[in-house]
Each structure stands twice: as C-alpha cells, then as structure tokens.
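Subject: Structure handover and notes

Hello,

Please find the structure below, followed by my notes on it.

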Amino acid sequence: MRPTTPYRPLDITIPFPELRACARTATLLHPRRGTPTAADSSVGGPLLWPADEAWPVCGEAYGRARGVRPERARRYERIVEAAWARPRPADADHVPYTDAERAELDEMTCSGYQPDRHDGSPLPLLALAQFHVRDVPDLAVFAPPGTDLLQVLWCPFRGHDDASPDDYGPSTRLLWRRAADVREVLTDQPEPPVVERKEFLPNPCVLFPEQVVEYPFADRLPGELVERIDAWEGALRERAGDAAPGYQYDLSLAPGWKIGGWDSWHRTDLMRVYCGACGTEMRLLLTIDSGGGGRSWLSYEEAQDVWDPTRPPDLYGPTGISAARDEYRAFVCPADPSHPHRMSSQ
Ligand SMILES: [Zn+2]
Ligand SMILES: [Zn+2]
C-alpha cells in the first residue's frame, strides 16, 4: 500500500491567513524496505554510477578506525527478524531466539566484543541515497542546470567532516549528475569494510514520494504572530485537552526523510545556516530522519506497523539510519549550487 500522510487535523491558514505567504512544499520520501535498482530513487540502494568513474574515498587516516563490519550488522539484523517472525503465544514476553541465535547475538553485543578494525587504507564512501528529479518534485529547484539526479554518499565515521566542521556527524558528499550520461553502470559497487556505528548503514529502501505543505518554524515568524498562535493553541487545549493539535508537531513541519520544505529547530532555537563561500542564508535540501516525530503525520500503514508482533520495532524507521538525535540535514546555497553544502543536526 502506498503510504499517504493523513490530512492535517485543521488548516492553520484559516485562523492565520498570513501563513499562506510562507507556505513551502516538501517531498516526503517515505522510504520502505525493498530492493531498489541503480535506476531507482532509493535510500541504501545501488547508485547510478558510471563504470568508468572512480568511486569516492575518504582521505582521513584510518589507522585506528574501529567499528562494525557491514556484513556483521546485517547478520545481526537477519537473526533478530527471523526470531520475531516465529510464531509464539500471544502472552509471551520473550522473542523466541534459539540457543544458537542467543549465543551469536551475545557474542556480537556483550562487553567482550572486540570491535572490527580496519587496515588503514582509504575507505570507500558509503552510498546513502539517490534521488531523481522525475520522482521527487521538490528536487527540481535545487538541481544545477543540466542535472536531474542527486547522489548522497557519506563516510561512516564521525569527525571527518569537511562540509560542516561545526557539526559532529558523518561527512557527506552531495553529487549532481545527468542520469542519461550514465551509459554503463558500475557493478559490484564498493562498500567500506567497516562503519563506526550500524546506524550509519542504511537498509535498502524504495521510496514513495509525496508532496506536503509546510509552514516555518516559529522562530522564523514575526513575534506578534507567534504570540497569537500561542494564545490560539492555549484556547484550543482548554477546549480539547491534550489531543488538541499544535503548530510545531501537527500543523507546520512534517517529520521523516524529505527533500525541501522548512527546517525545524525544536532541539535548539533557530540557528540560521549561512554559506561559507558567499554568506547567503542556505536552504534546507535534505532531511535524514532518525524516526519518531509527530504521530499525527504517520501514514495508516505506519501506525499499524507499530503494533505488528511479527516484526522487530524499526527503532529508526525503515532505513535504520540515525546520524543525529532527530534529524541530520543538508543545507545548500541558493545563490550558487557549486558552493559547498553544510550539515546541521537536531
Ligand atoms: Zn572519513
Ligand atoms: Zn554561497
């Protein structure tokens, strides 16, 4: 079933028509486990990468890099999923692992576990995602002339960052290309032999893009408007109790992986992101979401999944990615797309 975001509980532009002027569309990506091909928009799928083009590597010294091998992380995942899918009594309070599975999981997670080491050679970047303009309506305004495909790779270690020295997360690389230029696709695409955390390793997901309308984070609005919104929320809460929708979590900013839209600063206050090359205020391009977020935005099938007893809970959503507490975001320069992007987290 195609995931669809429920209608907002109410239209915020009816009590506050001035918000219409700052409405912005975002494309929610709705990643779901699947088997994307290099031709598809995806998270964690193969990239449409030319066979004759070198795969990017991280230039940092890896002598002391420790983490987890991707195949080990995937093996862990398979064991957990198989155990959850096994029939068990409705009142069982344990997932029915076999003794062998329990021993293998303990070996991977207990304190005696030795992290995997890497030999220190340059690490191939990890393919995180790719998005075609044809699939993601809000991508077109960002695409430099002559391009229609955005590819996102990252180094699966923190603290190697070139794009955002002020933010401590995986170092991302954004690459635009024209899909039609890729004649022969690189097979056996490289993968780093070790990642710092398994939450930096995406599960392959296909996308179900859906456009929604967003309104700015309150700090971007005039103070007197925010005061009126606060008063309106207070009055609504008095009538409807805790179920009353709120501006921040129900009516303005959508949670989840998305392209475009407005940036949320719910963990901090607004911290405008400026281009390091020209000083222009940058614009939100990509939000990498760690799961959670306002429940009113959950599609019907997501709300069901929460209660599916045959599947382990997707702690960080279907992608398995968590690079920040809530969101890890790429901002780009609206004045010149060749200026380096910056990352920011919430
Ligand atoms: Zn690196
Ligand atoms: Zn700039």
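How many of the 18 residues of H3 are buried? The count is one, so H3 is hardly covered, where buried means that 20 or more other C-beta atoms lie within 10 Å of a residue's own, exposed means 12 or fewer, partly exposed is in between, and C-beta atoms are placed from the backbone.

Before the rest, the conventions. This is a predicted model, in which local features need pLDDT of at least 70 and side-chain atom pairs count only at pLDDT 80 or more, while totals for chains, interfaces and linings use all residues. Residues are numbered from 1 along each chain as its sequence is written, and chains are lettered from A and ligands numbered from 1 in the order in which they are written.

Overall

The protein has five helices and 16 strands. Helices (H or I, at least four residues) and strands (E, at least two) are DSSP runs, numbered from the N terminus. For 346 residues, a compact globule would have a radius of gyration near 20 Å, and the 22 Å of the protein agrees with that. This radius is taken over C-alpha atoms, and the globule rule is 2.2 Å times the number of residues to the power 0.38. Along the principal axes, the C-alpha atoms fill a box of roughly 60 × 55 × 35 Å. Of the 346 residues, 33% count as buried. Contacts are pairs of residues whose C-beta atoms, placed from the backbone, lie within 7 Å. Among contacts between residues at least 6 apart in sequence, 80% join residues at least 24 apart.

Helix H3

H3 runs over residues 223–240. From its first C-alpha to its last it reaches 25 Å, close to the 26 Å expected at 1.5 Å a residue; the expected span is 1.5 Å times one less than the number of residues. Glu 238 belongs to this helix. Glu 238 counts as exposed because it has 9 C-beta neighbours inside 10 Å. Between Glu 238 and Pro 192 there are 54 Å in space, C-alpha to C-alpha, and the two are 46 residues apart in sequence. Just after H3 comes Gly 241, with a positive phi of about 75°.

The six-stranded sheet

An open sheet is formed by six strands in the order S2-S11-S3-S8-S9-S10, with antiparallel pairing. Two strands pair if DSSP finds at least two bridges between them. S2 and S10 are the edge strands, each pairing on one side only. S2 and S11 are antiparallel, with two bridges; Arg 32 has Val 206 in S11 as its bridge partner. Further into the order, S3 (residues 42–43) pairs with S8 over two bridges, in the antiparallel sense, and Ser 42 stands opposite Gln 130 in S8. S8 covers residues 126–132 and is mostly covered, with six of its seven residues buried. On to S9 (residues 149–158), S8 is joined by six bridges, again antiparallel. Ala 129 faces Val 152 in S9 across that pairing.

In S15 (residues 327–332), six of the six residues are buried. In a regular strand the side chains alternate between the two faces of the sheet. Here Glu 327, Arg 329 and Phe 331 point one way, Tyr 328, Ala 330 and Val 332 point the other way, and all are buried. S15 pairs with S14 (residues 283–289) through six bridges, antiparallel, and with S16 (residues 342–345) through four, also antiparallel.

Two residues with positive phi

His 30 has a positive phi of about 45° and sits in the loop between S1 (24–28) and S2 (32–33). Asp 188 has a positive phi of about 50° and lies in the loop between S10 (170–177) and S11 (205–206). Are these residues buried or exposed? His 30 is buried because 23 other C-beta atoms lie within 10 Å, whereas Asp 188 counts as exposed because it has 6 C-beta neighbours inside 10 Å.

Regards

How values were computed. Contact = placed C-beta atoms within 7 Å.
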